[in-house]
Amino acid sequence: MSEQGGGRDIGEGEEGIRLAKRVAALAGCSRREAELLIENGAVRVDGQPALLPQSRVRPAQQVAIEAGARPEPVVPVTLLLHKPAGLPTEEAHRLLVAGNHHEPGRAGLRFLPAHTRGQQCMTPLEPGASGLVAFTQERGVERRLREDAAFIEHEVMVDVAGVVSPEQLTRFERSPARVSIGRQSPEQTGLRFALKDARPGQIAQLCDRMELRILAMRRIRIGRVPLAGLAPGQWRYLAPRERF
């Protein structure tokens, strides 16, 4: 459904009217239904996607509604972010913007501003750590990450200064984490931590007890969901087939 510009509503000036009002008139629906059509990406202005109901359109602009589009609430989603080191988790949601979306066409979902609203971070990291962080609007995912936290394994790669001795590695066996050495040189050792019910600061405390100085920390997996492919600052959608 499309409408050529040229008509003028009462009170419509050259600055235009709200897009939702124009869509409601074009579709013969309520203002709320018009907002839902816009939020679902079903509306274009002059051939370009228009995603903000409050944006304004001028009389000469063409407004079109995707054929068969229905005014339904936007389906909740889960977003996976590679949090950069040095960024507090409570500020990481600022990176959930279209420009940081990794391979937009891969998950079959088009970015909608509504996808970033009300997102809850379910797997925080300490500011100095980088790696996988999960944000969700989905109640089922929230419940899984909260109620089943004791059964979901987190895999974290930790670089520490110097060499880790066999005695230190043995002492880790009495901790909640499974720890192994991935690589080692006189300057640093790469450790792999696998632990359940992971909390910010937990690995740092374990390394402190072993008198190990952390150089870098990166979470690469939460349950069955990997970080793979995401550069620092990038995010992607949790695919329908993926489960934590």
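This is a predicted model: local features need pLDDT of at least 70, side-chain atom pairs count only at pLDDT 80 or more; totals for chains, interfaces and linings use all residues.
Mentor: Welcome! A helix here is a DSSP run of H or I with at least four residues, and the helices are numbered from the N terminus.

Trainee: Thanks! Which helix gives the most to the lining of the largest pocket?

Mentor: Let's start with the pocket itself, which has a volume of about 380 Å³. Its lining is made up of 23 residues. Three of them come from the helix that gives the most, and that is helix 3 (residues 139-147).

Trainee: Which residues lie nearest the centre of the largest pocket?

Mentor: By class, the lining holds 13 nonpolar, five polar and five charged residues. From the 23 lining residues, the ones nearest the centre are Pro76, Val77, Leu109, Glu138 and Leu238.

Trainee: And cavities? What is the volume of the largest cavity?

Mentor: Rolling a probe the size of a water molecule over the atoms shows where empty space is left. The structure holds one cavity of 30 Å³ or more. The volume of the largest cavity is about 100 Å³.

Trainee: Which helix and which strand each supply at least two residues of that cavity's lining?

Mentor: The lining includes Gln202, Ile203, Met217 and Arg219. By class, the residues of the lining are eight nonpolar, one polar and three charged. The two elements you asked for are helix 5 (202-209) and strand 13 (214-222).

Trainee: Let me move to single residues. Why does His154 count as buried?

Mentor: First find His154 in strand 10, which covers residues 153-161. Buried means under 20% relative accessible area. His154 falls below that cut-off, so it counts as buried, because its relative accessibility is 7%.

Trainee: Which residue's side chain is joined to that of His154 by a polar contact?

Mentor: Leaving aside neighbours within four places in sequence, the contacts of His154 include Thr123, Phe193, Leu195 and Arg219. Arg219 also lines the largest cavity. At 3.2 Å, the polar contact joins the side chain of His154 to that of Arg219.

Trainee: How many residues of strand 7 are buried?

Mentor: Look at which way the residues point from strand 7: Thr78, Leu80 and His82 go one way, Leu79, Leu81 and Lys83 the other, and all are buried. Strand 7 (residues 78-83) is mostly covered, and the buried count is six of six.

Trainee: Is Arg236 buried or exposed?

Mentor: Arg236 lies in strand 15, residues 235-237. Its contacts, not counting residues up to four places away in sequence, include Thr78, Leu79, Leu80, His101 and His102. Its relative accessibility is 11%, and therefore Arg236 counts as buried.

Trainee: Which residue's side chain makes a polar contact of 2.8 Å with that of Arg236?

Mentor: Val225, Pro226, Leu230 and Glu242 are among the residues that Arg236 touches. From these, the side chain in the 2.8 Å polar contact belongs to Glu242.

Trainee: What is the bridge partner of Arg183 in strand 12?

Mentor: Strand 11 (residues 178-184) and strand 12 (residues 188-196) run antiparallel and are joined by six bridges. A hairpin of three residues links strand 11 to strand 12. Within this pair, the partner of Arg183 is Gly190.

Trainee: One more: how far apart in space are Ala42 and Phe244, C-alpha to C-alpha?

Mentor: Ala42 sits in the loop between helix 2 (31-39) and strand 3 (43-45). With a relative accessible area of 6%, Ala42 is buried. Its contacts beyond four places in sequence include Leu37, Ala64 and Arg110. Phe244 is 202 residues away from Ala42 in sequence, and the C-alpha to C-alpha distance is 31 Å.

Technical notes: Residues are numbered from 1 along each chain as its sequence is written. Side-chain values use heavy atoms; hydrogens and water are left out. Buried means under 20% relative accessible area, exposed over 50%, partly exposed in between (1.4 Å probe, protein chains only). A polar contact is a pair of N or O atoms within 3.5 Å; within protein, one must be able to donate a hydrogen and the other to accept it, and residues adjacent in sequence count only if both atoms are side-chain atoms. Contact means heavy atoms within 4.5 Å. Two strands pair if DSSP finds at least two bridges between them. On a 1 Å grid over the protein atoms alone, a cavity is a set of points where a 1.4 Å probe fits but cannot get out, and a pocket is an open set with protein on both sides within 12 Å along at least five of seven lines; lining residues have an atom within 4 Å of a point. Grid points are joined across faces, edges and corners, and a volume is the space filled by probe spheres set on the points. Ala, Val, Leu, Ile, Met, Phe, Trp, Tyr, Cys and Pro count as nonpolar, Asp, Glu, Lys and Arg as charged, and the others, Gly among them, as polar.
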